[in-house]
Amino acid sequence: MADTIADTRRLFSKPQNLNDAYGPPSNFLEIDVSNPETIGVGRTRYTTYEVRLKTNLPIFKLKESSVRRRYSDFEWLRAELERESKVVVPPLPGKALIRQLPFRGDDGIFDDSFIEERRQGLEQFLNKVAGHPLAQNERCLHMFLQDESVDKSYTPSKIRQA
Amino acid sequence: MSFFGFGQSADIDIVLNDAETRKKAEHKSEDGRKDKYFLFYDGETVSGKVNVTLKYPGKRLEHNGIKIEFIGQIELYYDRGNHHEFVSLVKDLARPGELTQSQTFDFEFTHVEKPYESYTGQNVKLRYFLRATIGRRLNDISKEMDIVVHTLSTYPELNSSIKMEVGIEDCLHIEFEYNKSKYHLKDVIVGKIYFLLVRIKIKHMEIDIIKRETTGTGPNVYHENDTIAKYEIMDGAPVRGESIPIRLFLAGYEMTPTMRDVNKKFSVRYYLNLVLIDEEERRYFKQQEITLWRKGDIVRKSMSHQAAIASQRFEGSSYPEKPQTQSNAEDDG
């Protein structure tokens, strides 16, 4: 006596709208960290990076933005996210204190290869963080990515969609 | 069983009457080894013979009684000393006295209730066994024979599908559907995942079967989770309106029926865990309990034979002859 064969036919599903299937996906988010520039002279020199964002996510006010940020701004963002959100924030590329000591053979923190290494690390950091659904709710992230400058005396808050 | 002195003076052996015809089932022991044991169902009679073989013929064996027990017990690994017996039957085979030669005793436990399925888990074990004992002054001589019990169910009357919409607001909305909420152990899970909104970058999606064994009560409850299966159902990034089918054959996995609050001591429950993983290795998941049950095989011959005997007894006819001849070997009184 054979067992009845189970019915394994697929469940019914609505056919997909062709616009949905072939249109641009709703999860488009690209962040580039590039064009490092060292500003200033002597001991007050520092390097800034261009942070360019392209997206179609409704949570970002601007669909395209470009700002310049320095390493300490990234440190500020990381600290804010750790404190304000429940996100496990990934680490930043190193602070490289040793490179800031005098009497080095190379250019210290203004060394080209070091800046490139740091640039890559910062780009990885931002892509990881900006794609996190919980981090996207934080005002500090949007200010970092899209406001002209970072106002460190801001009031932390959550973004609410209209 | 004595390891010192002269050793045992007799061997004791248990043999079932239907050993030739009864099916055996595989059961994993605590150390992971798979062995085969005789398979019984609830209500079946357990009958057989106890063979006592004297090692030194001519030397009398004095004893305080010979008996056989049928025991169903639960053993919690963290409390090994305390066995919780939920079935305990005993038949006396011989009154205290002495044996002058090897002897065989018949026994029958009629229509024994076996309410739970045999289970060997991570922290708890439920087993059924026969134990024959020769009582002695210093050390009893005993022998245990384990059996395996399966609990069978029939197709549930009500078996609704599981259908739910879940997600993270404005980020990810999906609707998942599984065709049933109760599956038998050789069943197929047929379902689908429908994407309503995808604002994150999904890399792949899998469905896991998780077994959760719960032991202890009150503040001492302990859950042991074990992922029995990981089955990838989607590789790549879905968009809105996409429907991903699920077809998962359960026969390939080692699972037991769902056991809820067995004798108030433990539970074994199963969950389907739907997991989505995005490009940054973040995991989004939704767990859903399913009920597993054991379907009976084709006609159980031994069962219907027992049922026939039982019905004859109730109808008042005399007890029919046992199929095998009574072996009253060497018993001249």
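Because the model is predicted, local features require pLDDT of at least 70 and side-chain atom pairs count only at pLDDT 80 or more, whereas totals for chains, interfaces and linings use all residues. Residues are numbered from 1 along each chain as its sequence is written, chains are lettered from A and ligands numbered from 1 in the order in which they are written, and side-chain values use heavy atoms, with hydrogens and water left out.

Two packed helices are described by the angle between their axes and the distance between the axes. Here the axes are lines fitted to C-alpha atoms, for helices over the stretch in contact, and the angles run from 0 to 180 degrees between N-to-C directions; helices (H or I, at least four residues) and strands (E, at least two) are DSSP runs numbered from the N terminus. Helix α2 (residues 71–84) of chain A and helix α4 (residues 139–146) of chain A have axes that come within 9 Å and cross at roughly 165°, which makes α2(A) roughly antiparallel to α4(A) (angles under 35 degrees count as roughly parallel, over 145 as roughly antiparallel, 65 to 115 as roughly perpendicular and the rest as oblique). The crossing of α2(A) past α4(A) is left-handed, meaning that the near helix is turned anticlockwise from the far one by less than a right angle. Contact (heavy atoms within 4.5 Å) involves residues of α2(A) including Phe74(A), Trp76(A), Leu77(A) and Leu81(A), and residues of α4(A) including Leu141(A) and Phe144(A). By class, this contact of α2(A) with α4(A) has 8 nonpolar, no polar and 2 charged residues, where Ala, Val, Leu, Ile, Met, Phe, Trp, Tyr, Cys and Pro count as nonpolar, Asp, Glu, Lys and Arg as charged, and the others, Gly among them, as polar.

Helix α3 (residues 112–130) of chain A also packs with both of these helices. With α4(A), the axis of α3(A) comes within 12 Å and crosses at roughly 135°, and the two helices are therefore oblique to each other. Leu126(A), Val129(A) and Ala130(A) of α3(A) meet Leu141(A), Phe144(A) and Leu145(A) of α4(A), a set that divides into 6 nonpolar, no polar and no charged residues. With α2(A), by contrast, α3(A) packs at an angle of about 30° with the axes 12 Å apart, and the pair is therefore roughly parallel. The contact between α2(A) and α3(A) includes Phe74(A), Leu77(A) and Leu81(A) on the α2(A) side, and Leu126(A) and Val129(A) on the α3(A) side.

Between the chains, 28 residues of chain A are in contact with 29 residues of chain B. The two chains bury about 2400 Å² between them, 55% of it on carbon and sulfur atoms, buried area being the accessible area (1.4 Å probe) that two parts lose on being put together, summed over both. The count between chain A and chain B is 2 salt bridges (a side-chain nitrogen of Lys or Arg within 4 Å of a carboxyl oxygen of Asp or Glu), and Asp20(A) forms a salt bridge with Arg240(B), with the closest N and O atoms 3.0 Å apart.

Over all chains, 41 salt bridges are found. Within chain A, Arg52(A) pairs with Asp32(A) in a salt bridge whose closest N and O atoms are 3.6 Å apart, linking strand β2 (residues 46–55) to strand β1 (residues 29–39) across 20 residues.
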